[in-house]
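User: I'm new to this one. Can you walk me through what holds it together?

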Amino acid sequence: MAVESEPSRALNIRDVAREAGVSYQTVSRVLNGSDRIRETTRAHVQSVIDRLGYRPNPVARALSTNRSRTIGVLTAQSALYGPATAIAAIEFAARDAGYRLSIANLRSGETEAVRASIDDLLSHAVEAIIVIAPQQQVLGEVGEMSVDVPIVALGPSGERHSMAMDQIAGARAAVGHLADLGHEYIVHLAGPQDWTEAEARMVGYLRELDARDLRVRAPLLGDWTAQFGYEAGRSLLRMPDFTAVFAGNDSMALGFLHACRELGVRVPEDISVVGFDDIPEAAHFFPPLTTVRQDFSELGRRTIRMLLAQLNGEELPQEPLIPQLIVRSSTAAPRSL
């Protein structure tokens, strides 16, 4: 028998039950992953669900099971590669675990804006919240709030209930690579210092220089954009007293490479350049960019595992992920100054 739904009415669980020849309680058990059902029955009901294209109403499902299977994501509005890729990785990992995401974009880092966004997520009956807003002000505001669901922040390593890339280790690998090539005068184009990643990468730069007893230079504070890298390059390259640049992200490195090309500075013959993030285009810069790659897919999986553990009243160890140095042709041994 074929179920023909009325134009004004969507399919419901009783339609599926009628078509499958079972009770609606059996369909509900299949939808909720219950183990109190035979595999042959589960397969039959699932085939009917798939054929009819039935999708349960998430609000009704949350009311009937007291579980929304929804994870909230609080994020600052950003098209930057890192945060955008982290959200995508977390969505894939959540979907694999049987959850979906509800995303709230912050208008600002002010207390009222953060509270409004969290309240919006809670109104959707989220079971947990992930914070992907690496500005220090936002993380501070979230840390001061009392929320009745588990929260995991993508932020500094060592913080309770945080999942992190070891940005310091990644920066040290970048600077260490330049030092191993023989560079003693290394400039750092840093990101905005209200971002935890920018701060950590700057710390890594300074620590590696100090560990190798190399000349320490004050980092140039930027804004993650290629435009800043370009303008910094136009200024620095007029009287260069350095042989290498470590850019806080690949976009600033791209802008710096543009300035080098305009001013006739050869990379890597005259200046070596290292970025951070390994955006998909980095391998196609001119020359291809040496950079630091972050495994966002694994970050997504670990973040979801940590949240699910918290939902089950468990604690997981919070080992930060170590970024990987990717060496390409934008770095070489230094020329003499």
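Analyst: A term to start with: a salt bridge is a side-chain nitrogen of Lys or Arg within 4 Å of a carboxyl oxygen of Asp or Glu. This is a predicted model, where local features need pLDDT of at least 70, side-chain atom pairs count only at pLDDT 80 or more, and totals for chains, interfaces and linings use all residues. Residues are numbered from 1 along each chain as its sequence is written, and side-chain values use heavy atoms, with hydrogens and water left out.

User: How many salt bridges does that rule give?

Analyst: The count is 18 salt bridges. Arg-172, Asp-180, Glu-208 and Arg-212 are linked in a network of them.

User: Which residue does Glu-19 pair with?

Analyst: Glu-19 meets Arg-51 in a salt bridge, at 3.1 Å from N to O. Glu-19 lies in helix α1 (residues 13-20) and Arg-51 in helix α3 (residues 39-52), so the pair ties together parts 32 residues apart in sequence. Helices here are DSSP runs (H or I, at least four residues) and strands are E runs of at least two, numbered from the N terminus.

User: Is Glu-19 buried or exposed?

Analyst: Glu-19 is buried, at 13% relative accessible area, while Arg-51 is exposed, at 53%. Buried means under 20% relative accessible area, exposed over 50%, and partly exposed in between (1.4 Å probe, protein chains only).

User: What about Asp-241, which residues form salt bridges with that one?

Analyst: Asp-241 meets Arg-215 at 3.4 Å, N to O. Asp-241 sits in the loop between α10 and β8, and Arg-215 in the loop between α9 (196-211) and β7 (220-221), 26 residues apart. Asp-241 also forms a salt bridge with Arg-217, with the closest N and O atoms 3.0 Å apart. Arg-217 is in the loop between α9 and β7, 24 residues from Asp-241.

User: How exposed are they?

Analyst: Asp-241 is partly exposed at 31%, and so is Arg-215 at 38%. Arg-217 counts as buried, at 16%.

User: Switching topic: which residues touch the most other members in the largest nonpolar core?

Analyst: Leu-189, Leu-237, Phe-242, Phe-256, Ile-271 and Val-273 do, in a core of 27 residues. A nonpolar core is a set of buried Ala, Val, Leu, Ile, Met, Phe, Trp, Tyr and Cys residues joined through side-chain atoms within 4.5 Å.
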